[in-house]
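Subject: The structure we talked about

Hi,

Here is the structure I promised to pass on.

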Amino acid sequence: MAIARRIGGTVLVAAAVFAASYGLSRLGAFEWPRRYDPLALPDLTDRPGIFTGWQMKLVDADAANCVFALSRAGVPAQLKPSHGGGSCVVEGAIDLARLSVARLTPEETRCAMAARLYMWERHVLQPAAQRLFNEPVAEILHFGSYSCRTKRRRSSMSEHATANAFDISGFKLRSGRIVSVKTDWSKATDAGKFLFIARDGLCEWFNLTLSPDYNADHEDHFHADMGWRRSCR
Ligand SMILES: [Zn+2]
């Protein structure tokens with residue numbers, strides 16, 4: 001009990017010190033490191049830290065925040081006017097043509113999707129490609145984001161209907177080598193290993209990730225979205 005009380009006391013003191021100094025920094029007394037500021041927009045180029053998940057929610061919630069964060073990371077991002085009707089309204093979207101290193105065939109997607117793809121590409125994909133292939137991913141191959149349609153064999157709308165999803169089919173390395181979900185998935189090769197890392201990385205950054213492990217509809221791509229459903233399959 002005495003130990004529990006002592007730990008509780010230490011946590012309270014630490015919280016009070018954090019709150020007091022954070023308050024002083026908000027008043028302009030000194031510069032609080034952005035990395036440790038839960039109310040700051042994330043530096044997407046920075047290695048993810050304990051507050052990154054929280055900071056990314058500010059990016060998800062406001063397309064202007066998102067465009068600012070992406071632009072600061074060097075990704076050309078311009079907000080497009082809302083369009084579409086019924087269940088297929090797209091809001092807060094940009095045309096995404098590149099991430100930190102890899103480019104992609106330009107695709108309209110919600111800015112929040114683009115920012116999360118950036119985090120995944122920069123902090124998961126590129127390091128893994130360097131480790132396994134000793135070269136970067138030059139291009140992300142995809143089947144697109146926006147498509148006004150229902151989920152396959154169901155009546156409910158797909159997250160693709162609002163550009164809130166992205167389908168990734170493979171990767172082209174700088175040497176031209178292709179790593180493909182359709183042909184390399186679950187193989188005991190570096191390409192197979194890379195795809196597992198890529199899929200698990202999507203799970204870290206997106207609410208829902210579906211791979212060939214999920215069903216035959218996904219045998220040739222990874223689906224990632226920011227809808228309400230949470231799963232990593
Ligand atoms: Zn999809």
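Let's start with Arg153, which sits in the loop between strand 3 and strand 4. Residues are numbered from 1 along each chain as its sequence is written. This is a predicted model, so local features need pLDDT of at least 70 and side-chain atom pairs count only at pLDDT 80 or more, while totals for chains, interfaces and linings use all residues.

Most residues other than glycine have a negative phi. Is Arg153 buried or exposed? Arg153 is exposed, because it has 6 other C-beta atoms within 10 Å. The rule is that 20 or more other C-beta atoms within 10 Å of a residue's own make it buried, 12 or fewer make it exposed, and anything in between is partly exposed, with C-beta atoms placed from the backbone.

Ala163 is in the loop between strand 3 and strand 4 too, and its phi is also positive, near 60 degrees. Ala163 is buried, though, because 30 other C-beta atoms lie within 10 Å.

Then there is Ser145, in the loop between strand 3 (137-144) and strand 4 (165-173). It counts as buried because it has 25 C-beta neighbours inside 10 Å. Which residues does Ser145 touch, leaving out those up to four places away in sequence? They are Glu107, Glu108, Thr109, Met113, His160, Ala163, Ala165 and Phe166. (Touching, or being in contact, means that the two C-beta atoms, placed from the backbone, lie within 7 Å.) Val89 is 56 residues from Ser145 in sequence, and their C-alpha atoms are 13 Å apart in space.

**The whole chain**

Now zoom out. The protein chain has six helices and eight strands, in the order α-α-α-β-β-α-β-β-β-α-α-β-β-β along the sequence. Its C-alpha atoms fill a box of roughly 55 × 45 × 35 Å along the principal axes. Of the 233 residues, 33% are buried. If you take contacts between residues at least 6 apart in sequence, 49% of them join residues at least 24 apart.

The domain assignment gives domain 1 (1-32) and domain 2 (37-232); such bounds come from an automatic or database assignment. The C-alpha centres of the two domains lie 37 Å apart.

**Helix 1 and what follows**

Helix 1 covers residues 2-26, and its 25 residues reach 36 Å from first C-alpha to last, close to the 36 Å expected at 1.5 Å a residue. (The expected span is 1.5 Å times one less than the number of residues.) How many residues of helix 1 are buried? The count is zero, so to speak of cover here, helix 1 has hardly any. Just after helix 1 comes Gly28, with a positive phi of about 95 degrees.

Further along, Pro38 lies in the loop between helix 1 and helix 2 (52-61). Pro38 is partly exposed, because 13 other C-beta atoms lie within 10 Å. It touches Phe51, Trp54 and Gln55, not counting residues up to four places away in sequence. Ser156 is 118 residues from Pro38 in sequence and 35 Å away in space, C-alpha to C-alpha.

**A hairpin**

Strand 1 (residues 93-98) and strand 2 (residues 103-110) run antiparallel and are joined by five bridges. (Two strands pair if DSSP finds at least two bridges between them.) Ala93 has Arg110 of strand 2 as its bridge partner, and a hairpin of four residues links the two strands.

**The core and helix 4**

The largest nonpolar core has 51 residues, and Cys66, Leu70, Cys111, Ala114, Ala115 and Tyr118 have the most contacts inside it. Helix 4 (residues 111-133) gives the most to this core, with twelve residues. (A nonpolar core is a set of buried Ala, Val, Leu, Ile, Met, Phe, Trp, Tyr and Cys residues joined through C-beta atoms within 7 Å.) Among the residues that Tyr118 touches are Leu44, Leu70 and Leu99.

Helix 4 also has a kink of about 40 degrees centred on Glu121, where the bend is the angle between axes fitted to the seven residues ending there and the seven starting there. Just after helix 4, Asn134 has a positive phi of about 60 degrees.

Cheers

Note on methods:
Expected span 1.5 Å × (residues − 1).
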